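The sequence and the structure come first.

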Amino acid sequence: METSQTHSSKSMSKYLSELMKEATKEVHERAENTPFMKNFQKGQVSLHEFKLVTASLYFIYSALEEEIERNKDNPVFAPVYFPAELHRKAALEEDLEYFYGSNWKEEIPCPEATQKYVERLHYVGKNHPELLVAHAYTRYLGDLSGGQVLKKIAQKALQLPSTGEGLAFFTFNGVSNATTFKQLYRSRMNALEMDLATKKRVLEEAKKEFLLNIQVFEALQELVSKGQQNGHPVQPKAELRTRNTNKSYEHGPAPGKERTNKKHTDVIPITPLVRWILALGFLVTTVAVGLFAM
């Protein structure tokens, strides 16, 4: 027993970034071996699909950044607080306005799985802020690492303007050198004071973040499948939740009324959504923990 505890303590003495990479290795490999990645690299994505993914990302980053702001002075997160360099909410708002118009907040859907992810972020931020670093690290460094690749593929596949409209999410104006910034972020995160039990909980939260991300994209696939009725893209109301990002629920749907009078003509056509959305989610998250370019 003593030998086992000694080995565990020794393994946990590694840098947190290294531990996170090891802890998420299995789900990382699952993502790499899916055929969706190859399909994405072929540029198999439609504008409608891209818009739907962007909408879900908006809800996720809105919740994440709300909780980051709540804990910006908390010593368990403050060292990795980089709003000017990393925060994505404003960029996503810019993209959504480009795609949907000025009334985009009334147009975008929030599937139940996305709401579940949002609720988890609020729960963590309010009750266990030391776990927030797992979400921030995985998401932001993944975006920063894979963003330029995704940007080029999306721009070409969707024939978006070369001036960058619709792609603000992938543009980090506050980061002049991605490699240098990622080194700084990892060094700050690795310096966070954590005991053995807290490190284990952070690693478990990182794995949970992967699973929540996968569930979001699987739910979007299901939304498309249910919407393809009689050859028309129909958005089922039962799959949508009121956009309530101010509640703190660990599990289950947030209370609220379903949206009505939704425009169905500009939601989703019959296209290979699953290949795009899973590829997007997997590429972003796998790059974050397994493919850091030094």
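In this predicted model, α5 and α9 pack with their axes 9 Å apart and at an angle of about 5°. Angles under 35 degrees count as roughly parallel, so α5 and α9 are roughly parallel to each other. On the α5 side the contact is made by Ser56, Phe59, Ile60, Ala63, Leu64, Glu66, Glu67 and Arg70. The α9 side contributes Thr114, Tyr117, Val118, Leu121, His122, Gly125 and Lys126. By class, the contact of α5 with α9 has seven nonpolar, four polar and four charged residues.

α9 also packs against α10. Their axes come within 9 Å and cross at roughly 130°; α9 and α10 are therefore oblique to each other. Here Tyr117, Leu121 and Val124 in α9 meet Leu132, His135 and Arg139 in α10. This contact of α9 with α10 has four nonpolar, one polar and one charged residues. Tyr117 and Leu121 are named in the contact with α5 and also in the contact with α10.

The two pairs are set out below.

| Helix pair | Axis distance | Angle |
|---|---|---|
| α5 and α9 | 9 Å | about 5° |
| α9 and α10 | within 9 Å | roughly 130° |

α9 itself has 16 residues and reaches 22 Å from its first C-alpha to its last, close to the 22 Å expected at 1.5 Å a residue. Twelve of these 16 residues are buried, so α9 is largely enclosed by the rest of the structure. The buried residues are Ala113, Thr114, Gln115, Tyr117, Val118, Glu119, Arg120, Leu121, His122, Tyr123, Val124 and Gly125.

The largest nonpolar core has 61 residues, of which Met20, Phe50, Ile108, Val133, Tyr185, Met189 and Val202 touch the most other members. At least two residues of this core come from each of α2 (16-23), α5 (47-70), α7 (89-100), α9 (112-127), α10 (132-158), α11 (178-190) and α12 (196-227). The helix that gives the most is α5, with twelve residues.

For the protein as a whole, there are 13 helices and two strands. Buried residues make up 52% of its 294 residues. Among contacts between residues at least 6 apart in sequence, 84% join residues at least 24 apart.

Terms used. Residues numbered from 1 in each chain as written. Predicted model: local features only at pLDDT ≥ 70, side-chain atom pairs only at ≥ 80, totals over all residues. Heavy atoms only, no water. Core = buried A, V, L, I, M, F, W, Y, C linked by side-chain atoms within 4.5 Å. Buried < 20%, exposed > 50% of the residue type's maximum accessible area, 1.4 Å probe, protein only. Helix = DSSP H or I, 4+ residues; strand = E, 2+ residues; numbered from the N terminus. Expected span 1.5 Å × (residues − 1). Axes fitted to C-alpha atoms, helices over the stretch in contact; angles between N-to-C directions. Parallel < 35°, antiparallel > 145°, perpendicular 65-115°, else oblique. Contact = heavy atoms within 4.5 Å. Nonpolar A, V, L, I, M, F, W, Y, C, P; charged D, E, K, R; others polar.
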